[in-house]
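Trainee: Can we look at a model together? I have a few quick questions.

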Amino acid sequence: MSPSDAPTLSAKPVAEFVAAVGGCYECSAWVAERAHAGGPYSSLSALAAAMRATVDCSSDGEKLALLKAHPDLAGKAAIAGDLTAESTEEQKRAGLGSLTAAEMARFTELNDGYKARFGFPFILAVRNANKGVILASFERRVHNSAAAEFTEALAQVHKIAWMRMREIVVSNPTGFLTCHVLDTARGCPAAGMELSLRRLDEASERLLGWHRTGLGAHPWRRWRWGTERSCKAPRGSTVAV
């Protein structure tokens, strides 16, 4: 199914809606089914909030079943190729498909110990993580109380669902990012500096945009003592971003 915006998607019949976003919450299509009744939704954020509220308002038994629906990280299901398409892609991106024998043994030990302590698998949004981050989180969280870890696991489930929804539902961005560059030697905005915004993943880097500060289409100016001042950052100046 090609991506749709939230209003269009959430206005579709429940079967089509569930077919599109039912997998955002791992093997738990009931979340999408119940959320559909409150639609249509005006934005991706509104849709995500409704699905989150559906989970938060469910019974403790349903929440536990949702946690148990998640697979172990680098576990038997992954080795056997029995993961959902979403989990397969996420674990692959985190490097869990290329573990050494020692790393696999460590993951197995941590998975078994965690489930014995809490009664559900360790859950972490691994889409933009790596093996080191995952292992550190594993080793930290295994010492949490049962109540704290239940809350943390649900938070990770919501984070995973959000990331999956962003791949499926077309967003309608309304916000913006600002950046102020200050020449600390002169005490005013610096001009003529090139800035780039990049998204960094474990094995890739993508340029999202760039801009040069100055007095062009997007001037960097400051009004001080009733006078408009601008300055260019001289070579060797200290600049704070």
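Trainee: What is the relative accessible area of Phe 150?

Mentor: It is 22%, so Phe 150 is partly exposed. Buried means under 20% relative accessible area, exposed means over 50%, and partly exposed is in between (1.4 Å probe, protein chains only).

Trainee: Where do these values come from?

Mentor: This is a predicted model, where local features need pLDDT of at least 70 and side-chain atom pairs count only at pLDDT 80 or more, while totals for chains, interfaces and linings use all residues. Residues are numbered from 1 along each chain as its sequence is written, and side-chain values use heavy atoms, with hydrogens and water left out.

Trainee: Okay, rings. How many aromatic pairs does the structure hold?

Mentor: Eight. One of them is Tyr 114 with Phe 120, an edge-to-face pair at 5.9 Å centre to centre and 75° between the planes. Rings of Phe, Tyr and Trp (its six-membered ring) pair if their centres lie within 6.5 Å; planes under 30 degrees apart are stacked, over 60 edge-to-face, and the rest tilted.

Trainee: Are those two buried or exposed?

Mentor: Tyr 114 is buried, at 0% relative accessible area. Phe 120 counts as buried too, at 4%.

Trainee: Why is the pair of Phe 120 and Phe 150 edge-to-face?

Mentor: Because the planes sit at 75°. The ring centres are 6.1 Å apart. This pair links distant parts of the chain, 30 residues apart: Phe 120 is in the loop between H8 and H9, Phe 150 in helix H10. Helices (H or I, at least four residues) and strands (E, at least two) are DSSP runs, numbered from the N terminus.

Trainee: Which residues form the aromatic cluster?

Mentor: Phe 107, Tyr 114, Phe 118, Phe 120, Phe 122, Phe 138 and Phe 150 form one cluster.

Trainee: Switching to the core. How many residues are in the largest nonpolar core?

Mentor: 49. Among those with the most contacts inside it are Val 21, Phe 107 and Met 165. Several helices give two or more residues to this core, including H4 (44-56), H8 (101-118) and H10 (146-168). H10 gives the most, with seven residues. A nonpolar core is a set of buried Ala, Val, Leu, Ile, Met, Phe, Trp, Tyr and Cys residues joined through side-chain atoms within 4.5 Å.

Trainee: What is Phe 107 in contact with?

Mentor: Leave aside its neighbours within four places in sequence. Then the list includes Leu 73, Ala 74, Ile 134 and Phe 138. Contact means heavy atoms within 4.5 Å.

Trainee: Last topic. Where is the cis peptide bond?

Mentor: Between Gly 39 and Pro 40, with omega about 0°. Pro 40 is in the loop between H3 and H4.

Trainee: And what is the phi of Ala 74?

Mentor: It is positive, about 60°, although Ala 74 is not a glycine. Most residues other than glycine have a negative phi, and most peptide bonds are trans. Ala 74 counts as buried, at 4% relative accessibility.
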